Amino acid sequence: MPVSMVETNPTDFDDWPDLFTLLTACFGPMEGRITPPSSFTRMTPESLRAIAAHNDLFLIRAPKPIACLFGQAQGSAYYLSKLATAPEHRGQGLARALIETALSRAKFLGSTALTLQTRVELTENHATFRALGFTQSGETCHPGFDRPTSLTFRRALCPPSPPRPHGLKTGANKLGTVSSCKTRPSRPI
């Protein structure tokens, strides 16, 4: 999926019920798997509209929403939430396209990293985020729990590379050392 198919804060978007349906299809199966329950259980189409008023909305439509992500600058990081891809559209690179678009937005805003949280129990999500270039950077616990309930993942944003002096290998900086920012293989997620 080309990143150009991702819309950022589309001004013509008003299909909150269908976005809610997409998120329900993605977050609903977590019920009974995670403790405490997801904050999504308290959301409505109107609360999604309110979230979008203070967060960036990244959206892929065909013509209804088939994938989405919210993002917001928080200090030096850009926090991602509610990444969702319709089950029948998974494996086509939609999540990667959303993340890459959010990465561009975060760089534009001057953020130094992307961050997100996922529940401890959702090991398949951990694998997806690792495949998208994130590393686990912390654990948190919800109020009333004495064990970690969420994991924090982080992806550092590489600053734009300065022009290379003639003769240096690709990926090398002016000192001739390779950048610490890793490239990730391009494969659908």
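User: Is C68 buried or exposed, and what is its relative accessible area?
Analyst: This is a predicted model, in which local features need pLDDT of at least 70 and side-chain atom pairs count only at pLDDT 80 or more, while totals for chains, interfaces and linings use all residues. Residues are numbered from 1 along each chain as its sequence is written, and side-chain values use heavy atoms, with hydrogens and water left out. Buried means under 20% relative accessible area, exposed means over 50%, and partly exposed lies in between, with a 1.4 Å probe and protein chains only. C68 therefore counts as buried, its relative accessible area being 0%.

User: How many disulfides does the structure hold, and how far is the sulfur of C68 from the closest cysteine sulfur?
Analyst: A disulfide is taken as a pair of cysteine sulfur atoms within 2.5 Å, and the structure holds zero disulfides. C26 is in no disulfide, the cysteine sulfur nearest to it being that of C68. C26 is itself buried, at a relative accessible area of 12%. The sulfur of C68 is too far from that of C26 for a bond, because the separation is 7.3 Å.

User: Which residue in the hairpin of β3 and β4 takes a positive phi?
Analyst: The hairpin of β2 and β3 has three residues between its strands. In the hairpin of β3 and β4, two residues lie between the strands, and the positive phi, near 65°, belongs to G75.

User: Which residue forms a salt bridge with E124?
Analyst: A salt bridge here is a side-chain nitrogen of Lys or Arg within 4 Å of a carboxyl oxygen of Asp or Glu, and the structure holds eight of them. In the salt bridge of E124, the closest N and O atoms are 2.8 Å apart. E124 lies in helix α4 (residues 123-131) and its partner in the loop between α1 (16-27) and α2 (45-54), so the pair ties together parts 91 residues apart in sequence. E124 is partly exposed at 37%, as is the partner at 39%, and that partner is R33.

User: Which residue forms a salt bridge with R105?
Analyst: The closest N and O atoms of this salt bridge are 2.9 Å apart. R105 lies in helix α3 and its partner in strand β2, so the pair ties together parts that are 49 residues apart in sequence.

User: Which residue has its backbone oxygen 2.9 Å from a polar atom of the side chain of R155?
Analyst: R155 sits in strand β7 (residues 150-156) and is buried, with a relative accessible area of 2%. The backbone oxygen at 2.9 Å from its side chain belongs to L132.

Conventions
Helix = DSSP H or I, 4+ residues; strand = E, 2+ residues; numbered from the N terminus. Polar contact = N/O pair within 3.5 Å; in protein donor to acceptor, adjacent residues only side chain to side chain. Pairing = 2+ DSSP bridges.
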